[in-house]
Amino acid sequence: MKKKKSFNVKNLWQYYAMLIPGVVLTFIFSYIPLYGVIIAFEKYNVGKGFASPWVGLENFRYLFSQPTFTRTIWNTLYISVWKLALGIVVPVTIAVLLNEMRSEKLKRFYQTLIYIPNFLSWIIMAGVLMDILSSTGAINMILAKMGVGSVDFLGNAKVFPWTMIVSDVWKGFGYGTIVYLAALTGIDPSLYESSMLDGATRWQQIKKITIPLLMPTIILMTVLSLGSVLNAGFDQVYNLYSPAVWETGDIIDTYVYRLGIQQAQYSVGAAVGLFKSLVSAVMVITSYRLADKLAGYRIL
Amino acid sequence: MKKLSTIGTAGIAALMAVCTLTGCMSKPTAPTNNESGRVEPPADIWAPYDQTVTVTTMGEENSGTEFQGDDDYGNNPWYRAYKERFNIDLQNKWISNDYGTKLNLAIADKDIADVFYVDSARLTTLYEAGLIMDLDEVFDSYASDVLKQYRKDYADTWETGCFDGKLYGMPQMNYGIIDQFQYVWIRQDWMKECGFEEPKTMDDVIKIATTFAQKYGGYALPECQTLENLFRLALSWGAHPGIWVTKDDGTIEYGTIQPEMKEALKQYTQWYKDGIVNPNFTTLNWDKMMQGMINGECGVIPFAQWFGYNPLPDLIKNQGADAIFFPYEIPTQDGSPIKGSVTFNNNGYVVIRKGCANPEAIMKIVNFYIYTVNDAVGKESNEYLSSLHSFNYPNVVRGTRIINPMNDYNQYLQVKDAFDRWQAGEDVDTSALGTNVSKYNSCVNWITSQDPNGVGDFLQQGNDRSAYGIAKKYVDNKQYVQDAKWGPDTPTLQASGSTLNDILIEGFTKIIIGEKDIDYFDELVQQWKTAGGDQATKEINDTYGNK
Amino acid sequence: MKKKISVFDIILTIGLGIICITCVLPFIHLLAVSFSGSSAVAAGKVGFLPVDFTTASYEYVITGGRFLRAMGISIERVILGTLLNIVLMVLTAYPLAKNDLPGRGILSGFFVLTMLIGGGMIPTYLLVSGLGLKDTIWALILPGALPVYNMIILMNFIRGLPHELEEAAWIDGASPFSTLIHVIFPLLGPSLATVGLFSMVGHWNDWFAGMIYMSEPLNYPLQTYLQTLLVDFEKLLQSDTTGNIQDILSKMNARTGRAAQLFLGALPIMLVYPFLQKYFTKGLTLGSVKG
């Protein structure tokens with residue numbers, strides 16, 4: 001017996017016709033620029049264009065001999081790993097606590113509040129942070145009232161990475177919270193009821209029922225976020241950093257931008273970009289493989 | 001389906017409304033360069049063209065210019081002058097608030113204007129890409145005599161705009177080395193009360209400073225996290241921190257790591273121990289240090305020539321006009337004449353696009369700016385000149401202006417001369433002062449009404465006791481050490497940014513506060529070398545050595 | 001099942017309440033600053049209520065004109081960009097949702113690959129410039145005309161739709177195009193709302209494309225304009241001499257002016273958000289439809 005097709009066999013061409021605009025635009029704007037990666041292997045000269053002298057891996061060798069580059073890798077990993085870790089711990093905690101709340105109305109109101117910062121641009125957030133974190137800003141005023149000396153959140157290289165980590169978690173934890181809450185609503189309430197009969201306290205319920213049932217979602221979210229471990233947040237860092245904190249705050253993306261566009265070192269900038277892109281691609285593929293294996297999650 | 005078409009119609013209607021609102025952001029009519037559109041120039045370099053010549057430029061949005069009336073970047077006194085005098089229509093390809101980025105993109109795109117300014121790194125990029133013109137021919141034929149004289153007088157600076165001996169970028173230079181010297185500034189009312197004379201030795205300076213601290217409270221010497229006052233006073237020991245010095249054997253080394261600096265640091269550490277240097281300096285940034293000065297916590301400070309502009313006006317508003325500070329020479333350890341440090345200082349390079357049809361039109365524009373600052377006084381009305389030079393209008397032509405490195409020196413001579421005559425009760429013809437009249441007026445205002453806004457000009461150039469008055473002697477007698485790095489940074493220096501200096505500043509601070517002893521200096525030098533200092537030294541010697 | 005309200009519940013409600021409030025307090029503070037007098041702000045007296053109430057900062061925004069112009073450009077971009085995104089996403093997702101369509105593997109790979117590698121900023125810039133798009137609204141819209149990730153979300157949603165409706169349409173002689181328009185499209189409602197909203201927010205929030213592709217600051221969209229304010233609004237204020245602005249400037253300063261503009265920049269999203277929250281939330285779970 002012939003298997004039924006999911007498409008209209010008679011007018012097959014129309015399906016391909018539908019794809020034309022998408023394919024054409026994607027080809028133009030995503031594939032044509034790919035030829036630009038060869039800049040990374042050349043000593044790019046604007047006048048000669050892509051026919052510039054070929055230098056092989058020289059740009060990469062130069063890069064890895066630069067302490068300013070190797071430190072950006074370390075900074076990127078430091079900032080993004082902490083963001084990932086706290087970006088799981090905080091939303092899970094809040095979601096579990098929200099789940100314990102009795103009033104559904106209040107719970108929904110709380111959800112609404114924590115989800116707001118997530119949709120504002122980093123430009124707006126940077127403006128807000130610059131205002132409240134300045135030496136005369138609200139936070140330092142509060143610290144002064146508590147008798148603590150003023151903290152240079154954006155200008156002190158020791159503090160800066162944590163300013164980035166905490167503000168990012170603050171901006172984004174609403175998103176994670178809602179994902180985990182959605183997973184929690186799927187839990188069968190009878191599980192809680194029967195454990196109540198066994199005399200379990202609420203803390204025991206959380207430990208024995210809620211967390212284990214959340215685990216698959218936690219693992220899935222963790223694995224998926226691994227793919228973006230080299231993205232420490234360009235929009236955020238670029239709009240908040242300054243030369244004073246480059247030592248600890250300069251990340252790969254800001255480095256590429258400074259090198260490639262602000263300093264016109266086109267070849268070296270392209271080399272960093274290519275390096276990052278390759279490592280990221282491997283990370284993304286690995287993380288999706290893992291997600292498929294561990295949680296049965298497939299995107300395609 | 002009906003709902004859908006309603007949404008669609010609404011969407012399109014909204015879109016049209018927005019389009020009308022913003023004029024659909026019509027692409028600004030970018031002036032195109034007509035390659036074949038060469039207009040024959042007149043023989044006289046100051047004469048106008050018969051036909052209008054269009055020249056394009058790209059520039060930086062600067063926030064200092066106070067545009068008057070309907071003026072803007074494309075229509076202002078300078079652009080109008082070009083049109084009226086030479087029949088040149090200067091058009092802006094774009095004006096950006098992020099010039100460096102936009103310029104790099106334009107270069108990558110090979111979409112550049114006829115004339116603009118660049119830094120030395122970009123000059124090299126453009127030269128290697130073959131996008132800019134060899135200027136020798138047009139310079140020889142159309143540069144004014146004054147401009148040609150600049151090239152002769154500052155040959156070493158003009159050299160940095162050349163490749164293979166050919167001129168590709170005209171250096172925009174700076175206002176002069178007279179601005180670069182350091183002084184000890186001392187508070188006058190206290191000095192008189194205590195009966196002190198001008199200090200002849202560093203001990204005198206310390207005596208004055210400590211006496212002030214005992215008598216009026218506070219501390220003897222201010223300082224902040226960047227140790228900038230240490231670096232100024234180090235000149236007394238013959239150290240030249242921050243610049244590259246040529247040793248006796250002809251090699252070049254970094255000034256901050258020389259033995260003289262160690263000597264200065266040793267004494268400074270002792271002063272800190274004795275409570276002479278502000279004990280809290282590690283917690284102070286520049287602004288906070290100056291806040292202390294404004295509050296009258298200290299009466300002696302090593303500083304540059306512009307102390308009178310910032311923070312002195314605030315200090316005077318706070319402490320009264322008698323609290324004025326005067327600059328004094330920094331005394332040397334052995335009593336020899338002090339030598340300041342002079343660095344290479346160039347604002348950028350004017351370049352012309354290869355293929356520009358009328359490069360001589362650009363030379364006319366460049367000549368005109370120089371004319372207005374040097375020899376227009378008397379030939380043009382004061383009103384005309386100040387219409388060009390007031391409200392920070394010169395910033396608008398940042399891309400095409402070349403500054404006279406004798407600008408501030410000559411200005412000092414003029415202003416001081418007029419001011420001396422005024423003080424002697426003579427009539428002063430201010431029309432001869434041209435654009436310098438505002439400096440003169442400030443000096444007069446300070447004396448007549450003690451206007452704090454005039455004290456800066458007064459102390460910079462009002463008399464022999466002014467900062468320029470002292471510095472004139474240094475310039476005339478060549479009493480300074482010139483940075484051996486007479487040109488742009490080498491790649492390692494560019495890449496390491498401030499990190500190399502930060503190693504030294506952090507280490508020096510540890511020595512001063514007693515966390516490490518003075519021999520830690522040698523360890524620091526090693527750290528500095530391994531962190532890239534050796535590489536930088538090698539590059540500097542390769543690039544600038546044995547000239 | 002009855003539970004008593006315990007001390008734990010009270011602590012929980014208050015504790016979570018405090019955490020949730022921290023998400024909006026900064027914006028309330030910003031609002032208070034924007035309506036306060038400059039000297040009160042400089043003295044650090046402003047908390048969550050305006051001190052020396054004045055609307056000078058907002059008058060400045062309206063008189064200055066640049067903010068409104070930038071906002072107009074952003075609105076234009078959001079409308080044009082979102083419409084284009086939706087059209088392209090639907091057109092691409094529908095055929096790709098057919099698992100057995102010949103060549104589907106290669107075609108979806110073609111799109112997915114673009115999520116993994118890119119040519120970098122400079123080549124993209126040269127391309128956009130070479131196409132003559134620089135300084136036009138299209139430079140902000142065309143390069144991201146097909147958001148691949150959102151397209152995949154939509155594709156997964158289409159796959160989950162019942163197949164019978166389509167087959168019935170074919171029997172009536174409908175072509176794939178008319179099936180898409182008449183059968184599938186009306187069913188896409190909620191998921192289209194979600195990805196459409198993501199597009200809108202993305203277009204509204206983007207500042208980088210504006211900075212790169214617009215050579216004139218006058219053509220900046222709102223977020224790019226706001227970005228320049230973060231850097232040098234102080235200087236911008238000093239040089240502003242339009243009309244009777246000096247009068248307004250005496251009652252405000254860079255901090256209040258910046259606060260006003262940042263608040264206005266955030267306002268559209270804050271206004272729209274509560275009404276569309278359910279779609280945003282839905283989008284989070286949509287992405288994890290299994291293939």
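Leaving aside neighbours within four places in sequence, the residues in contact with A:Val272 are A:Leu63, A:Ile252, A:Tyr255, A:Val256 and A:Leu259. The model in which these contacts are found is a predicted one. A:Val272 is also among the residues with the most contacts inside the largest nonpolar core, a set of 197 residues, where it is listed together with B:Val351, B:Val366, B:Ile402, C:Ala93 and C:Leu154. Helix α5 of chain C, residues 66-96, gives the most to this core, with 13 residues.

Where chains A and B touch, 12 residues of chain A are in contact with 18 residues of chain B. On the side of chain A, the elements that give two or more residues are α11 (246-249) and α12 (252-262), and the residues of that side divide into 6 nonpolar, 5 polar and 1 charged.

In chain B, helix α9 covers residues 202-216, and because a helix of 15 residues at 1.5 Å a residue should span 21 Å, the distance of 21 Å between its end C-alpha atoms agrees with expectation. Its buried residues fall within an arc of 130° when seen down the axis, so they line one face of the helix.

| Side of α9(B) | Residues |
|---|---|
| Buried | B:Val205, B:Ile208, B:Ala209, B:Phe212, B:Ala213 |
| Turned away from the buried side, exposed | B:Asp203, B:Gln214, B:Lys215 |

The buried residues of α9(B) pack against β7 (182-187), α8 (188-194) and β10 (300-304) of chain B, while the helix is followed by B:Gly217, which has a positive phi near 85°.

Definitions and conventions
Residues numbered from 1 in each chain as written. Chains lettered and ligands numbered in written order. Predicted model: local features only at pLDDT ≥ 70, side-chain atom pairs only at ≥ 80, totals over all residues. Contact = placed C-beta atoms within 7 Å. Helix = DSSP H or I, 4+ residues; strand = E, 2+ residues; numbered from the N terminus. Nonpolar A, V, L, I, M, F, W, Y, C, P; charged D, E, K, R; others polar. Expected span 1.5 Å × (residues − 1). Buried ≥ 20, exposed ≤ 12 C-beta atoms within 10 Å, placed from the backbone. Arc of directions from axis to C-beta. Core = buried A, V, L, I, M, F, W, Y, C linked by C-beta atoms within 7 Å.
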